[in-house]
Amino acid sequence: MSEPSIRIAEPADEEELALLDRSTWSTLHAVSPPPEGPFFDERHLPEDYLVAEVDGRVVGYVRIGRPTPLASNTHVLQIQGLAVAEEARGRGLGRALIRAAVEEARGRGARRLTLRVLGHNAPARALYESEGFAVEGVQPEEFLLDGAYVDDVLMGRRL
């Protein structure tokens, strides 16, 4: 597998991104399955996604969005999704996508970047912490997944 390149998504990426989203979904990192409809819509625009591409194929993405529509919150952006194809895992692609998201958020003028992660997703939490994110809050037992209550963990970092 070649080295990945990371770029802003294009409308033509929609089918590959939808397939990636469905193939990587699990209750380890998400509270509900991806929707069956289009991947891009009025709330999920191509420019909200950075995609990792290897040999012309999309193998990962990170979504960056605004946590609220409030004018007083425009200095904050949020990672609202991260996926890496099974065959591309263990090669630092998730880390590269997070670093690209940090740079993209800076480039968009954000002062902070936040995210939410499920409490039982220890690998993701460790990765985020190693990239400068700190736990800023916990909502205990916020979700019931596979018969177990799971914390919702808010993490953030300054840019």
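**Note on the predicted model: helices, sheet and aromatic cluster**

1. Among the elements that cover the buried residues of helix 1 are strand 2 (49-54), strand 3 (57-65) and strand 4 (76-84). The model discussed here is a predicted one. The buried residues in question are Leu17, Ala18, Leu20, Asp21 and Thr24. They lie on the same side of helix 1, because the arc they cover around the axis is only 160 degrees. Residues three or four places apart in an α-helix point the same way, because the helix has 3.6 residues a turn. On the face of helix 1 turned away from the buried side are the exposed residues Glu15 and Ser23.

2. Threonine 24 belongs to helix 1, which spans residues 14-24. Its relative accessibility is 7%, so threonine 24 counts as buried; the cut-off for buried is under 20%. Which residues does threonine 24 contact, leaving aside its neighbours within four places in sequence? They are His29, Ala83, Val84, Ala85 and Arg89.

3. The sheet is open and has seven strands, in the order 1-2-3-4-5-7-6, with mixed pairing. Strand 1 (5-8) and strand 6 are the edge strands, each pairing on one side only. From one strand to the next, the twist averages 25 degrees.

4. Serine 5 has glutamate 53 of strand 2 opposite it. Helix 1 packs on this sheet and touches strand 2, strand 3 and strand 4. The direction of helix 1 makes about 85 degrees with that of strand 3. Helix 2 also packs on the sheet, where it touches strand 1, strand 2, strand 3, strand 4, strand 5 (112-118) and strand 7. The direction of helix 2 makes about 155 degrees with that of strand 4.

5. How many residues lie between strand 6 and strand 7 in the hairpin they form? There are two, and aspartate 146 in the turn has a positive phi of about 50 degrees. Glycine 137 has leucine 154 in strand 7 as its bridge partner.

6. Glycine 94 is part of helix 2, which covers residues 93-107. Is glycine 94 buried or exposed? Glycine 94 counts as buried, because its relative accessibility is 14%. Not counting residues up to four places away in sequence, glycine 94 touches Val84 and Leu127. Val84 is also among the contacts of threonine 24. Between glycine 94 and glycine 137 there is a C-alpha to C-alpha distance of 23 Å, for a sequence separation of 43 residues.

7. Alanine 101 is another residue of helix 2. With a relative accessible area of 0%, alanine 101 is buried. Leaving aside neighbours within four places in sequence, alanine 101 is in contact with Leu50, Val62, Ile64, Ile79 and Leu113. For one of these, isoleucine 64, the C-alpha to C-alpha distance from alanine 101 is 7.0 Å, although the two are 37 residues apart in sequence.

8. The aromatic pairs come to six. In one of them, phenylalanine 39 and phenylalanine 40 have ring centres 5.4 Å apart and planes at 75 degrees, so the pair is edge-to-face. Phenylalanine 40 and tyrosine 49 are also edge-to-face, because their planes are at 65 degrees, with the ring centres 5.7 Å apart; planes over 60 degrees apart count as edge-to-face. Phe39, Phe40, Tyr49 and Tyr61 make up one aromatic cluster.

9. Are phenylalanine 39, phenylalanine 40 and tyrosine 49 buried or exposed? Phenylalanine 39 counts as buried at 10% relative accessibility. Phenylalanine 40 is at 12% and counts as buried. Tyrosine 49 has a relative accessibility of 4%, so tyrosine 49 counts as buried as well.

Methods: Residues numbered from 1 in each chain as written. Predicted model: local features only at pLDDT ≥ 70, side-chain atom pairs only at ≥ 80, totals over all residues. Heavy atoms only, no water. Helix = DSSP H or I, 4+ residues; strand = E, 2+ residues; numbered from the N terminus. Buried < 20%, exposed > 50% of the residue type's maximum accessible area, 1.4 Å probe, protein only. Contact = heavy atoms within 4.5 Å. Pairing = 2+ DSSP bridges. Arc of directions from axis to C-beta. Phe/Tyr/Trp six-rings, centres within 6.5 Å; stacked < 30°, edge-to-face > 60°. Axes fitted to C-alpha atoms, helices over the stretch in contact; angles between N-to-C directions.
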